[in-house]
Amino acid sequence: MSVILVVGGAGYIGSHTCLALAERGYLPVVYDNFTSGHPEFVKWGPAEQGDIRDRARLAEVLRNYQPKAVLHFAGLIEVGQSFREPEHFYDVNVSGTLSLLQALSEANIKNFVFSSTCATYGDPEYLPLDEKHNQKPVNPYGRTKYIVEQALSDLSSCGRMRSVVLRYFNAAGADSESRVGERHMPETHAIPLAIETALGRREFFSVFGDDYDTRDGTCVRDYVHVNDLADAHVRAVEYLLNGGDTIAVNLGTGNGTTVKELISAIEKISGRSMNIKHAKRRPGDPPSLVASNRLAYEVLGWEPKLDIDDIIRSAWKWHSSFNGHLR
Ligand SMILES: NC(=O)c1ccc[n+]([C@@H]2O[C@H](COP(=O)([O-])OP(=O)(O)OC[C@H]3O[C@@H](n4cnc5c(N)ncnc54)[C@H](O)[C@@H]3O)[C@@H](O)[C@H]2O)c1
Ligand SMILES: O=c1ccn([C@@H]2O[C@H](COP(=O)(O)OP(=O)(O)O[C@H]3O[C@H](CO)[C@H](O)[C@H](O)[C@H]3O)[C@@H](O)[C@H]2O)c(=O)[nH]1
């Protein structure tokens with residue numbers, strides 16, 4: 001059975017990807033320091049505890065498992081925190097990733113899949129965003145991801161490794177059987193917060209700005225189901241194993257949903273209503289982010305199969321499956 005190392009595989013998107021890899025016959029080995037991930041999310045292969053900044057530990061794990069490819073999800077993800085703790089973001093997301101890349105070069109591992117983000121584009125100059133759009137990140141989080149993308153491009157030109165950079169739009173939803181799901185701590189993402197409000201675990205949901213130049217005044221985002229993201233990762237691994245060249249692709253549905261539409265859809269699907277408060281705009285939020293996903297189809301044969309209702313249904317089921325004391 002081919003081993004795939006899943007760095008950050010105890011987290012939200014990584015754990016769903018481990019499930020998809022296992023279903024496709026691979027053995028996902030998780031390498032994670034469990035700062036924001038969960039040991040109980042590692043269900044489809046062994047867990048190896050370690051930090052990406054620990055080269056000796058990485059070398060040991062690589063020697064023991066000799067993975068065919070490495071998927072790298074590990075890092076800090078919250079934009080607001082990246083303004084408060086930029087040094088920490090550069091340390092983990094940039095230095096940590098370079099430490100991982102050095103360990104991989106030393107182990108002669110050449111297939112690498114990287115979790116990047118639409119935040120590398122910055123404020124959209126046109127929509128939908130395609131991969132040729134300028135990359136001008138407007139927050140430290142996005143810039144750390146952009147710097148890694150540039151390093152990967154250089155490593156590729158120098159023949160060290162080939163990589164698939166996956167720029168996710170808004171990851172959302174959960175495994176349909178609730179074996180894993182979204183559990184960020186603290187949670188800052190719109191869908192889990194709104195669902196927890198509808199479940200009565202939070203008093204109200206704040207809508208950050210209703211005076212944007214969008215169809216109803218609230219921000220438009222391209223929510224993509226985590227299982228579709230997981231499927232794209234399996235495709236990216238197979239693309240590299242078949243000799244594919246270094247490439248960066250967007251992963252989004254091409255459809256935008258406003259915050260107000262999200263609230264209505266959650267209320268409709270759950271049959272519950274929620275208290276809404278109108279709050280100020282959140283700094284750094286672009287009005288609309290919607291992906292062009294043509295390249296992902298052309299290169300990986302990837303198409304999203306699930307829509308916003310599937311996202312909400314699976315997330316509702318996941319969040320209803322425990323009674324709140326996990327947070
Ligand atoms: N969630 C989204 O909507 C979204 C959107 C775009 C990009 N991304 C990117 O996708 C990746 C995964 O996001 P997620 O939502 O699953 O986050 P997550 O926090 O659930 O998962 C991150 C995992 O990395 C581990 N980790 C963190 N620092 C580490 C370190 N120094 N060494 C080893 N392990 C470490 C954590 O313990 C956790 O298991 C991130 O790189 C993120 O930037 C996420
Ligand atoms: O309580 C909330 C939380 C969010 N929102 C709004 O809902 C939309 C989605 O917000 P999220 O926080 O769920 O997602 P982001 O678009 O901010 O973040 C996503 O894109 C970022 C890059 O822009 C990062 O990659 C991040 O990890 C990823 O989840 C935004 O318009 C936000 O203003 C609210 O109105 N109220």
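Predicted model: local features only at pLDDT ≥ 70, side-chain atom pairs only at ≥ 80, totals over all residues.
Helices are taken as DSSP runs of H or I comprising at least four residues, and are numbered from the N terminus.

The shell around ligand 1 is formed by 27 residues, of which Gly-8, Gly-11, Tyr-12, Gly-37 and Ala-171 are the closest. Helix H1 (12–23) makes the greatest contribution to this shell, providing three residues. At least two residues each are supplied by H1, by helix H4 (86–106), and by strands E5 (111–117) and E7 (170–172). By residue class, the shell around ligand 1 comprises 13 polar, 11 nonpolar and three charged residues.

Helix H2, spanning residues 55–65, has both buried and exposed positions. Leu-58, Val-61 and Leu-62 of H2 are buried. These three residues lie on the same side of H2, because they cover an arc of only 100° around the axis. Ala-56, Arg-63 and Asn-64, on the other side of H2, are exposed. The packing partners of the buried H2 residues are strand E2 (27–32), strand E3 (47–49) and H4. After H2 comes Gln-66, which has a positive phi, near 45°.

In the UniProt record, an unreviewed entry, residues 5–313 carry the feature "domain: NAD(P)-binding". Within the model, this span is 38% helix and 17% strand, and its end C-alpha atoms are 30 Å apart.

How values were computed: Residues numbered from 1 in each chain as written. Chains lettered and ligands numbered in written order. Near = placed C-beta within 6 Å. Nonpolar A, V, L, I, M, F, W, Y, C, P; charged D, E, K, R; others polar. Buried ≥ 20, exposed ≤ 12 C-beta atoms within 10 Å, placed from the backbone. Arc of directions from axis to C-beta. Contact = placed C-beta atoms within 7 Å. UniProt positions renumbered as here; feature names shortened; annotations may be inferred.
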